[in-house]
Amino acid sequence: MIVHPFNSGNANPNQGSYLIPWGNPNKNILQAMKKTLCLFFLSGLSIMHGQEQKYQGQPPIKIIATDSKPVQKQWKGKFNFPDHNVTFSNEFEGARLNGITQNNDSTYTALITSENTPINISPWYAFKVWAKKKETIDLFLTYQQSIKHRYYPKLSKDGIHWSALDSSRYKAYEKGDKAFGSGSLPLKVKLTLEVGPDTLWVAGQELQNSPLVNSWMDSLTQRKYITKSTIGKSTEGRNLNMISVGNTDSKNMIMIISRQHPPEVTGYLAMKAFVETISSDSKLARRFRKKFATYVVPLMNPDGVDNGFWRHNAGGIDLNRDWANFNQPETRAVKGFMESLVKKNHGKFYFGIDFHSTWDDIYYTVDPKLKGNMPNLVSNWLDKLKENIDGYDPNISPNDKLNPTTVSRNYFFVEHGAEALVFEVGDNTPREFLKEKAVTGANELMKLMLKEIKKQ
Ligand SMILES: [Zn+2]
């Protein structure tokens with residue numbers, strides 16, 4: 001499946017990054033984007049404070065119990081308002097709409113709630129709406145207590161091609177004045193929507209549910225050097241699918257995962273472009289695939305994604321806190337796969353990467369003073385990324401507290417010696433730019449690893 005870039009040049013009152021046209025920019029715009037991008041990203045609201053603000057990253061990871069907890073499943077069906085012939089529906093994978101009321105003839109209020117609490121602010125929503133006749137409606141998006149609106153609305157006519165809602169049709173209420181995090185968000189928002197007999201899809205990001213992820217994986221397996229397999233089952237029994245790219249007899253291995261957290265679609269899109277580059281027909285990729293086997297689990301949390309959860313799996317747990325205890329089947333499947341492969345082929349994982357999304361682009365790395373199977377690979381790689389993208393200065397946050405392993409990066413590094421990082425993409429990073437970073441990143445990584453493996 002091809003993800004089409006957005007085509008509207010909206011100014012999102014939420015984020016400075018929307019000042020950049022999202023379209024399929026021509027070369028000049030792209031060039032200008034690259035040059036000004038960091039400035040734009042880091043500026044946003046911070047211009048108002050008279051100084052540039054850089055996203056400082058998340059506070060230290062809290063170690064929490066990861067035994068399963070109950071989750072609240074949403075009621076599924078059609079919310080029908082017969083007087084006005086308007087219907088809302090959450091009957092599709094990835095939907096989230098917990099309740100809706102009609103305020104007056106043309107105004108509705110939706111309530112979006114999470115699978116359980118406590119939970120961080122990543123209030124995913126996705127639903128369909130249609131009406132017997134064409135009409136304009138106002139729709140408020142509201143959330144449970146202490147949660148604010150985060151994801152700028154995207155619209156689609158088919159659930160596959162998406163564009164951002166025009167900013168003139170978006171109104172934010174009680175918006176915070178911080179550059180990042182909860183303090184930057186509005187309490188609720190109002191969307192003005194044109195509805196009619198044709199279904200309109202509304203979602204926090206482009207929908208990427210398990211059927212779409214699987215069809216992407218299946219499209220890759222058309223190439224004879226890519227195979228798809230199942231490494232386990234999720235809590236609700238969905239397949240945990242993996243694709244293997246390149247020479248699977250090789251003892252030189254890399255591990256790629258994404259979507260532990262369901263709404264983190266921008267990280268997933270970067271992962272896709274990264275994997276497509278390693279799978280491409282370039283001379284570099286062909287050389288790389290002879291020397292290395294790449295293993296990819298694109299959808300770590302299929303239950304969470306298909307249930308429209310904000311953060312957790314069907315066991316009610318943040319999977320990226322379970323890489324020391326392995327109480328959840330999704331993390332256990334990857335651990336089991338990696339360990340049995342190493343045992344079988346006596347190979348080594350040289351690199352591990354986990355794609356996520358957050359308030360702004362950032363790389364959570366392992367402190368470079370700690371050496372794994374290919375020392376300095378990640379810092380050299382990020383240097384190359386900086387060198388090869390005009391005007392780009394990666395925001396890097398190293399960490400040397402890796403025990404207990406808790407998160408995937410620490411597990412990859414501590415248990416396998418894989419040089420590892422978390423690749424975080426901003427919620428509003430222009431899709432063309434996240435793709436460019438991923439493609440350039442994959443190419444530079446392949447070059448570096450081919451050079452380094454010769455020395456081993
Ligand atoms: Zn995440």
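Student: How many bridges join β13 to strand β15?

Tutor: Four bridges join β13 to β15 (residues 293-297), and the two strands run antiparallel. Two strands pair if DSSP finds at least two bridges between them. Ser-244 stands opposite Tyr-295 in β15.

Student: What sort of model is this, and how are residues numbered?

Tutor: It is a predicted model, in which local features need pLDDT of at least 70 and side-chain atom pairs count only at pLDDT 80 or more, while totals for chains, interfaces and linings use all residues. Residues are numbered from 1 along each chain as its sequence is written, and side-chain values use heavy atoms, with hydrogens and water left out.

Student: Back to β13. How many of its residues are buried?

Tutor: Seven of the eight residues of β13 (residues 239-246) are buried, so the strand is mostly covered. Buried means under 20% relative accessible area, exposed means over 50%, and partly exposed is in between (1.4 Å probe, protein chains only).

Student: Which way does β12 pair with β13?

Tutor: β12 and β13 pair in the antiparallel sense, over seven bridges. Ile-226 has Val-245 in β13 as its bridge partner. The two strands form a hairpin with five residues between them, and Gly-237 in the turn has a positive phi of about 90 degrees.

Student: How many helices and strands does the protein chain have?

Tutor: The protein chain has nine helices and 19 strands. Helices (H or I, at least four residues) and strands (E, at least two) are DSSP runs, numbered from the N terminus. Of the 456 residues, 60% count as buried.

Student: New topic. Which residues coordinate the zinc ion?

Tutor: His-261 (ND1), Glu-264 (OE), Glu-264 (OE) and His-356 (ND1) coordinate the zinc ion, at 2.1 to 2.5 Å. Donors are N, O and S atoms within 2.8 Å of the metal (3.2 Å for Na, K and Ca); water is not among the atoms, so sites may look incomplete.

Student: Why does the arrangement count as irregular?

Tutor: The four donor atoms subtend angles of 56 to 146 degrees around the zinc ion, which makes the arrangement irregular. Four donors count as tetrahedral if all angles lie between 85 and 135 degrees; four count as square planar and six as octahedral if opposite donors are over 155 degrees apart and all others between 65 and 115; anything else is irregular.

Student: Where do His-261 and His-356 lie?

Tutor: His-261 lies in the loop between β14 (252-258) and α3 (265-278), and His-356 in strand β16 (residues 348-358), so the pair ties together parts that are 95 residues apart in sequence. His-261 is buried, with a relative accessible area of 3%, and His-356 is buried at 2%.

Student: And α3, how many of its residues are buried?

Tutor: In α3, 13 of the 14 residues are buried, so the helix is largely enclosed by the rest of the structure.

Student: Last one. What does Arg-223 touch?

Tutor: Arg-223 touches Ser-279 and Ser-280, not counting residues up to four places away in sequence. Contact means heavy atoms within 4.5 Å. Arg-223 and Ser-280 are 57 residues apart in sequence and 9.6 Å apart in space, C-alpha to C-alpha.

Student: Is Arg-223 buried or partly exposed?

Tutor: Arg-223 counts as partly exposed, at 32% relative accessibility. The residue lies in the loop between α2 (210-220) and β12 (226-233).
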